[in-house]
Amino acid sequence: MGNDLPDEGLRILHASSNPTESGRPRAYRVHGDIKLGEYTAQRLLELEPDNVGYHTLLSNVQAGVGRWDKVEEVRRVMNEKDLKKKPGWSCFEAKGMIHGFVSADRSHHQVEEIYDILGCLSKMIQESV
């Protein structure tokens, strides 16, 4: 891609000392600019080549436009470097207790009650939109 940056967004990103500022890595999704997404992911990988999140970003950009050969290439590099994405987790405090959850983990002893409440909250949010 070089220094021939076709639009203002890429010029700003190129000039930035910290390309992760202001959510720039995910900006391509909002604007549908795959070129920006690719460029951002590549630049981030230059700064931190072993950051699994940046590899995942590049893989997601490629998958978003159906470049499955490129997705496979990124995943192969991740496997070669033994990079594994850690699952997301959340926690909340209720009645003085902190409850933590890992993505897709259903081992909490009150999992059914928790998902019932989440379902109600989700329904309330959808109805308010």
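Hi everyone, let's start with Asp82, which sits in the loop between helix H5 (68-80) and strand S1 (89-94). Helices here are DSSP runs of H or I with at least four residues, strands are runs of E with at least two, and both are numbered from the N terminus. Before going further, please keep in mind that this is a predicted model, where local features need pLDDT of at least 70, side-chain atom pairs count only at pLDDT 80 or more, and totals for chains, interfaces and linings use all residues. Residues are numbered from 1 along each chain as its sequence is written, and side-chain values use heavy atoms, with hydrogens and water left out.

Back to Asp82, then. Its phi is positive, about 55°, although Asp82 is not a glycine. Is Asp82 buried or exposed? At 53% relative accessibility, Asp82 counts as exposed; the scheme calls a residue buried under 20% relative accessible area, exposed over 50% and partly exposed in between, with a 1.4 Å probe and protein chains only.

Now for the hairpin. S1 and S2 run antiparallel and are joined by 6 bridges, and strands pair if DSSP finds at least two bridges between them. One of the bridge pairs is Trp89 with Val102 in S2. S1 and S2 form a hairpin with 2 residues between them. Lys95 lies there, in the loop between S1 and strand S2 (97-102), and has a positive phi of about 50° although it is not a glycine. Lys95 is exposed, with a relative accessible area of 87%.

The largest nonpolar core has 11 residues in all, including Leu44, Val52, Val74, Met78 and Leu83. A nonpolar core here is a set of buried Ala, Val, Leu, Ile, Met, Phe, Trp, Tyr and Cys residues joined through side-chain atoms within 4.5 Å. The elements that give two or more residues to this core are helix H3 (34-47), helix H4 (52-64) and H5, and H4 brings the largest share, 5 residues. Ala41, a core member, is in contact with Tyr54, Leu57 and Leu58, leaving aside neighbours within four places in sequence; contact means heavy atoms within 4.5 Å. As a general point, nonpolar side chains tend to be buried together in soluble globular proteins.

Gln62 is buried, with a relative accessible area of 5%. Not counting residues up to four places away in sequence, Gln62 touches Glu38, Arg67, Lys70 and Val71.

Val65 and Ile34 are 31 residues apart in sequence, with 7.8 Å from C-alpha to C-alpha.

Last stop, the pocket. Which residues line the largest pocket? They are Phe92, Ala94, His99, His108, Gln110, Glu113, Ile114, Ile117, Leu118 and Leu121. S1 and helix H6 (111-128) are the elements that give two or more residues to this lining, and H6 gives the largest share, 5 residues.

Note on methods. 1 Å grid on protein atoms, 1.4 Å probe; cavity = no way out; pocket = protein on both sides within 12 Å on 5 of 7 lines; lining within 4 Å.
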